[in-house]
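Q: Hey, could you walk me through this model? I'd like to start with how strands pair up and then look around.

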Amino acid sequence: MLLKEMLVRTKNPSSLKDFGRDAGLDEGLSVMDIAGRIADSLLAEMPERMLILRDDDIAFFENSLAKTKPFVPAKANYANADRIRYLDYGAAIDKEMHFVIPEDVKETYQKINTLQWQDKRRKISWLYECMSLIPSLYAIINVKDLCSLYRKRHGFQETDKEIMTMLQQLLDRREDCPVYLEGEDLVVNGLKETGQEEKIRRLHENMPAGFPSYSEMKDILDNRYPAKEKTYQQLKTYFLHQIRVHEDFIDALMEAVYQFIATGNTFSDTLKMIRNEQIPISKDDEKELEEYMTRAWDHTRMLMCNGRRPCEIMPGNTYIFQQ
């Protein structure tokens, strides 16, 4: 299967035609011809587009190159497959989720796969991951603080100037960056439009940024919430055994709870979100759940604390989450 054939098989025909129209292609072209043009562009851009892939994504991708038939990824590789699919260099092609990487994608990768390119990818992808933590930890962060965050990983000791060059490359070439540059600060997209930028700046004014360890960062990046934090483990156990949340749904729920807490929502806000997901919480359970969530809140690095935990800056004070 070629990339253009995969696109035709997995994309909505009208969306392909819309893309062709937006790109100024001849409206008389067939869907396959349009897909061919898109495929040509994706293959040409592969050296840049694949720079955001993590080491485990590349390991999954390279292990998949030898597959001669579509395959179902192991559960541990679902996230890797999703990141490859997001870049359109692979796709699930049926209801059974058989995954395929097109032959011309494999051939192009073999050409770009050099030691120099892999070294660049490791640095760029790690910086991109650091940037992905900004929305929940900081909302606004100084570029120098981002450099400090980047250097938390062993062996990644590039200078501020080198990191800034990589940062500018990401901001210039990737439309999916979660932040934009405003002076010497990186600001989360949409923050100004919500009227929250000045509020966050006032909160951070006399509060130096707090930096998680590399192990903390990896925990959040791998699990999408601090799964190794004791208070989150206790909360997860409570959801599983007291509220009877199904195991297939628990990680998505924990991620949602973490995002609500990290971005400053109250317990009532978080409880409303949980109930909106059709998870029944009895009045008897509500008080106990509040206690578990308050402990998790107290140990969550959050943007209102500039990457610090409430227990670090106001020990014993949990009134904000309970309002």
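A: Happy to! One definition to begin with: two strands pair if DSSP finds at least two bridges between them. And do keep in mind that this is a predicted model.

Q: What lies between β4 and β5 in the hairpin?

A: A turn: two residues separate β4 and β5 in that hairpin. Gly183 sits in the turn and has a positive phi of about 65 degrees.

Q: Nice. In what order do the strands of the open sheet run?

A: The order is β3-β5-β4, three strands in an open sheet with antiparallel pairing. The edge strands are β3 (140-142) and β4 (179-182), each pairing on one side only. From one strand to the next, the twist averages 25 degrees.

Q: Which helix lies across β3, β4 and β5?

A: That's helix α12 (residues 197-204), and it runs at about 55 degrees to β3.

Q: Switching to helices: at what angle do α2 and α3 cross?

A: Roughly 60 degrees, and the axes of α2 (residues 13-22) and α3 (residues 31-44) come within 9 Å. Because of that angle, α2 counts as oblique to α3.

Q: Left-handed or right-handed crossing?

A: Left-handed, as α2 passes α3.

Q: Which residues of α2 and α3 meet there?

A: From α2 you have Pro13, Leu16, Lys17, Phe19 and Gly20, and they meet Val31, Ile34 and Ile38 in α3. The residues of this contact divide into six nonpolar, one polar and one charged.

Q: Last topic, confidence. What's the mean pLDDT of the protein chain?

A: The mean is 93, and 97% of the residues in the protein chain reach 70 or more.

Q: Where is confidence lowest, and where is it highest?

A: Helix α19 (residues 319-322) is the lowest, with a mean of 47, while helix α8 (residues 115-132) is the highest at 98.

Q: Over which residues does pLDDT stay under 50?

A: Over residues 319-323. The model has 16 contacts beyond four places in sequence for that stretch.

Methods. Residues numbered from 1 in each chain as written. Predicted model: local features only at pLDDT ≥ 70, side-chain atom pairs only at ≥ 80, totals over all residues. Heavy atoms only, no water. pLDDT = per-residue confidence, 0-100. Helix = DSSP H or I, 4+ residues; strand = E, 2+ residues; numbered from the N terminus. Contact = heavy atoms within 4.5 Å. Axes fitted to C-alpha atoms, helices over the stretch in contact; angles between N-to-C directions. Parallel < 35°, antiparallel > 145°, perpendicular 65-115°, else oblique. Left-handed = near helix turned anticlockwise from the far one by under 90°. Nonpolar A, V, L, I, M, F, W, Y, C, P; charged D, E, K, R; others polar.
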